Amino acid sequence: MMIDAAFWFIVVLTLGSACMVVLNEKLIYSAIALLFTLFGVAALYVFLWADFLAGVQVMIYVGGILVLIIFGIMLTNRITSVNISHTSVQKGIGGMVVLGILFVLGVMILNTPWLHTEFVEPAQTTATIGTLLMMEYLLPFEVASLLLLAALMGAAMLSRRDD
Amino acid sequence: MTVDQLINWLPFGTDWPVITFLTAVIICALPVFLFIAVYALVAIYGEVKISSFMADKVGPMGQGVGFHAGKWGLLQPVADALKLILKEDIIPAAADKKLFIMAPFVVFIGAFISFAALPFGQNTIIADMNIGIFYILAVGSLSVIGIILAGWSSNNKWSLYGGMRSVAQIVSYEIPAGLSIISIIMLTGTLSMQGINEFQQGTIWGILPNWIIFNNPFSFIAFFIFFISGVAECNRTPFDIPEAESELVAGAFTEYSGMRYAFFFLSEYAEMFVVSGVSVTAFLGGWNSPISGFFNSPGWGVFWFMGKTLSLVFVMIWFRWTFPRLRVDQLMSICWKVFLPFSLLNIFGVGIWILITG
């Protein structure tokens, strides 16, 4: 099946670039590998007919957070002259912890009764999200916006010069 | 014809899914690439000629004996393109080689994949997605990463300054642009590009075309906010402080030469087309004829879309030779103190308008 081939290609892309993020020595290369990971996750959302979520993923993570990360790396002092690298320490213990988490997650994934649905294209993808946000989940939505407003004001406060 | 119809129509069927998929991708992508290349040649010629006429000059002319630049300088863009192809490809020794090579492609891909959702005509669209207009806004962020990479990997202070200015500008102007699009979506009730076009069929009071720009006073303002933000996102004059020849040599593109520079050039022109195309679709009726029912067949739709879009590209070129470059603080204060409050007001106004008119 074409969809299977595309799916596995995206899975390999996502996991491969995610490994690159962790294993790369250079910080900026990790950030660039993260670009592919985030795109891969967006593509996986498309497979779940969640195209709006995929768009949000690209817009917020690639257009916002990744830019912020790269800016953070670039504004680090003397970045152009020093190859900033993140080294790995305590690889053995780290590997054990990762394997433990993998085991717990694997058991959880295998034991969860997943919801199976037909592979049919829904008529609307965005309308449902809008209705739910504005009707059922209005309070969490508004609380989230208050939180963001507080963060925005905090950032403005911090970046103000003392006059 | 959308890509889904194309896949169903291809004769390989389900036996050869990979071949079907690749063929569909090539059939869609190759014409778009050729279109961008040809359109960029036309736009470069237009830019040279229009700027000359605005400065009361004639621009490139093939005068006298010999094979100069063809009649009226028509071969000038071809000569420019050949020059760029033949130029030596220089990678600075101190540059980060991998990222330096990657950056032009990332920028170009960001502009290129936007074409997948542009509705050229009633039936001429690569993919009529549910989230069409949102998709174009989202993939635009890929160019930001490309420019930041180009600026950083060149290992040159002008490039770094240019790249950071460019990214700060694009990220800021995405907000008013996105908010003006929200006021459109509130009217149409759909994010699909074809849905927005279909909303704009017919007339208002029998005279004006039923385009969103004429729908209410708020969407009239929203068009100007969106279009000016779009010009800023393309880094065109008067918002070209990231490139600012007189201060930063060529900004993020200082160290690039030959084909790599050509790709930046190509993506700038492609982005101009995308911004104009989205403005036309969202505000100026897309493929709808300006006079309802006048030459409104699918074939003429392509003509109307291209005509309107190229007119907006012309307006962008016109801007370049009319307005002086803004300062950084002026640029940011326009974005945050003028456009942002007005676009929020637009959303509020459109909401009330919808409530009143039903």
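The paragraphs below go through the two chains of this predicted model, their contact and a handful of individual residues.

A word on conventions comes first. Residues are numbered from 1 along each chain as its sequence is written, and chains are lettered from A and ligands numbered from 1 in the order in which they are written. As the model is a predicted one, local features need pLDDT of at least 70 and side-chain atom pairs count only at pLDDT 80 or more, while totals for chains, interfaces and linings use all residues.

Chain A has six helices and zero strands, where helices are DSSP runs of H or I with at least four residues, strands are runs of E with at least two, and both are numbered from the N terminus. Read from the N terminus, then, the order is simply α-α-α-α-α-α. The radius of gyration of chain A is 20 Å, well over the 15 Å that the globule rule gives for 163 residues, so chain A is more spread out than a compact globule. Here the radius is taken over C-alpha atoms, and the rule is 2.2 Å times the number of residues to the power 0.38. The C-alpha trace of chain A spans about 55 × 45 × 30 Å along its principal axes. Of the 163 residues in chain A, 13% are buried; a residue is buried if 20 or more other C-beta atoms lie within 10 Å of its own, exposed if 12 or fewer, and partly exposed in between, with C-beta atoms placed from the backbone. As for contacts (C-beta atoms, placed from the backbone, within 7 Å), 52% of those in chain A with a separation of 6 or more come from residues 24 or more positions apart.

Chain B brings 13 helices and two strands. Its radius of gyration is 21 Å, close to the 21 Å that the globule rule gives for 358 residues, so chain B is as compact as a globular protein of that length. Along the principal axes, the C-alpha trace of chain B covers about 65 × 55 × 45 Å. Buried residues account for 46% of the 358 in chain B. Among chain B contacts between residues at least 6 apart in sequence, 76% join residues at least 24 apart.

Where the chains meet, 20 residues of chain A are in contact with 24 residues of chain B. On the chain A side, the elements giving two or more residues are helix H1 (2-23), helix H2 (27-47) and helix H3 (51-75). The largest share, 11 residues, comes from H3(A). By type, the chain A side splits into 14 nonpolar residues, five polar and one charged, counting Ala, Val, Leu, Ile, Met, Phe, Trp, Tyr, Cys and Pro as nonpolar, Asp, Glu, Lys and Arg as charged, and the others, Gly among them, as polar.

Helix H11 of chain B (residues 258-283) has 26 residues and reaches 38 Å from first C-alpha to last, close to the 38 Å expected at 1.5 Å a residue; the expected span is 1.5 Å times one less than the number of residues. H11(B) is also mostly covered, with 22 of its 26 residues buried. Just after H11(B), B:Gly285 takes a positive phi of about 85 degrees.

A:Trp49, at about 60 degrees, sits in the loop between H2 and H3 of chain A and is partly exposed, with 16 other C-beta atoms within 10 Å. B:Asn235, with phi near 60 degrees, lies in the loop between helix H9 (217-233) and helix H10 (245-248) of chain B; B:Asn235 is buried, with 23 other C-beta atoms within 10 Å.

Finally, A:Ser30 belongs to helix H2 of chain A and is partly exposed, with 19 other C-beta atoms within 10 Å. Beyond its neighbours within four places in sequence, A:Ser30 is in contact with A:Val21 and A:Asn24.

Conventions: Two residues are in contact if their C-beta atoms, placed from the backbone, lie within 7 Å.
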